[in-house]
Every structure is written in C-alpha cells, then in structure tokens.
Amino acid sequence: MPRHSYQLNQPVFLIGFMGSGKTSVARKLARKCGVASVDMDTYIERRENRSISEIFETDGEEAFRDIESEALTELLKLDPALIACGGGVITRPANCEAMTSSGLVVYLKVTPEEAAERISDVSTRPLFQDLSQARSRYEEREPLYEELADLTIETAGRPIPLIAQELQRKLVQEKVLCQQPE
Ligand code: S3P
C-alpha cells in the first residue's frame, strides 16, 4: 500500500544510459506514491510479443527505433505516468521534441563503468556488449541527455531508494507530483 496518495499532473520521462536505474527508480517511486509507471522496453516487448534482443537480431536497430517512436507516441496518449525510457530514445529528434513538449524530462546520470557493474546480464542489452563499445556510445549520447534534461540526478554509488527519494522531492518541488487531499 502506498504511504501517501499522490497525483502526477504531467508525464515524467526518465532518460539515461543503460544501467542507470530508470526502470527500478520508476517502479520504486510509483509504488511509494501510488502513481502509474510504465517501462518502455517492457511495453515494446508486450506490443511486439518478442524480446528487445529478438527485435534487434531479426529486424535491426533502425526497425527497433521505429517501434520505439511508435511506442512513445502511444504512451503519450495515456494518463500521466512515470515513464522509464529506453536509453536510446534520445537518438531521434522527434522523440526529444515529443518528450520536452509534453512532460518533464529527468536524466539519471551514471558512468559506463558503473552501468557495466549494474547490468548483470548483457544478453538482454544488445547495445551493451562490452565496456569500450559502451564508453563510445556514452560519449556520443551524454551531451544529448544533458541538453534534454529538465532535472538531473546523479546515481553513482547510490542505492535505488535514495535516488527515488531525491526524484520524489524534486518532482514535488516542481509541482509535477502533488499530494492528494485526504
Ligand atoms: C537501448 C537501451 C535499452 C533498450 C535497447 C536499446 C539503447 O533500454 O531500449 O536495448 O540504445 O541504449 P535500457 O536503457 O532500459 O537498458
């Protein structure tokens, strides 16, 4: 049971590199505050009835990006939720435009080294096969994450509950997460 009842008045997009904790933080805060959360990769897997790795293997990255953009468009039609985005959602300018114009974008910042430690099974991450590949992808994306973010939260060395707590505090401060009257 949530300890307090809150309401989100706009969607919150959690962005950041693979392994930054987007899914876990969204889930933790959603439970704590009694708001909805959606994991974009899970949404895509259910929609396509196959895993992210299968989509990459069979159809390739561009086809995955098309599906990802369609999924984002669909999620924008739902009631506001905490949306844990795939790490590469920021690679399409139309996705960036859709997110910034419809909600609040929160960047969960992690280093590729720490991300590698957190990702226990790389077979589920077709684009995180080794650290040097991850480092160069991170270098390309970091400026995009920074540019897009309304808020940034440092996740290095911090447990999920603490990150969720900081996110809660910031969303309340921004008046995006509002406590419901009893
Ligand atoms: C990707 C990140 C993954 C998933 C896909 C591609 C990326 O999501 O969408 O494997 O390009 O960074 P997570 O960030 O949740 O791992």
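This is a predicted model: local features need pLDDT of at least 70, side-chain atom pairs count only at pLDDT 80 or more; totals for chains, interfaces and linings use all residues.
Student: How do the residues of the shell divide into nonpolar, polar and charged?

Tutor: Around the ligand there are 14 residues, of which Lys22, Asp41, Arg65, Arg125 and Arg141 come nearest. By class, the shell holds six nonpolar, three polar and five charged residues.

Student: What is the distance from an oxygen atom of the ligand to an N or O atom in the side chain of Lys22?

Tutor: A polar contact requires N or O atoms within 3.5 Å. A polar backbone atom of Gly88 lies 3.2 Å from a ligand oxygen, and a side-chain N or O atom of Arg141 lies 2.6 Å from a ligand oxygen. For the side chain of Lys22, the corresponding distance is 2.5 Å.

Student: How much of the accessible area that the ligand has on its own does the protein cover?

Tutor: On its own, the ligand has 390 Å² of accessible area.

Student: Why is the pair of Phe17 and Phe128 tilted, and how many residues apart in sequence are the parts that the pair ties together?

Tutor: The whole structure contains four aromatic pairs. The ring centres of Phe17 and Phe128 are 6.0 Å apart and their planes meet at 55 degrees, so this pair is tilted. Because Phe17 belongs to the loop between β2 (12-15) and α1 (22-33) and Phe128 to the loop between α6 (112-118) and α7 (131-148), the pair ties together parts whose separation in sequence is 111 residues.

Terms used. Residues are numbered from 1 along each chain as its sequence is written. Side-chain values use heavy atoms; hydrogens and water are left out. A residue is near a molecule or strand if one of its heavy atoms lies within 4 Å of it. A polar contact is a pair of N or O atoms within 3.5 Å; within protein, one must be able to donate a hydrogen and the other to accept it, and residues adjacent in sequence count only if both atoms are side-chain atoms. Accessible areas come from the Shrake-Rupley method with a 1.4 Å probe; for residues, only the protein chains shown count as cover. Ala, Val, Leu, Ile, Met, Phe, Trp, Tyr, Cys and Pro count as nonpolar, Asp, Glu, Lys and Arg as charged, and the others, Gly among them, as polar. Rings of Phe, Tyr and Trp (its six-membered ring) pair if their centres lie within 6.5 Å; planes under 30 degrees apart count as stacked, over 60 as edge-to-face and the rest as tilted. Helices (H or I, at least four residues) and strands (E, at least two) are DSSP runs, numbered from the N terminus.
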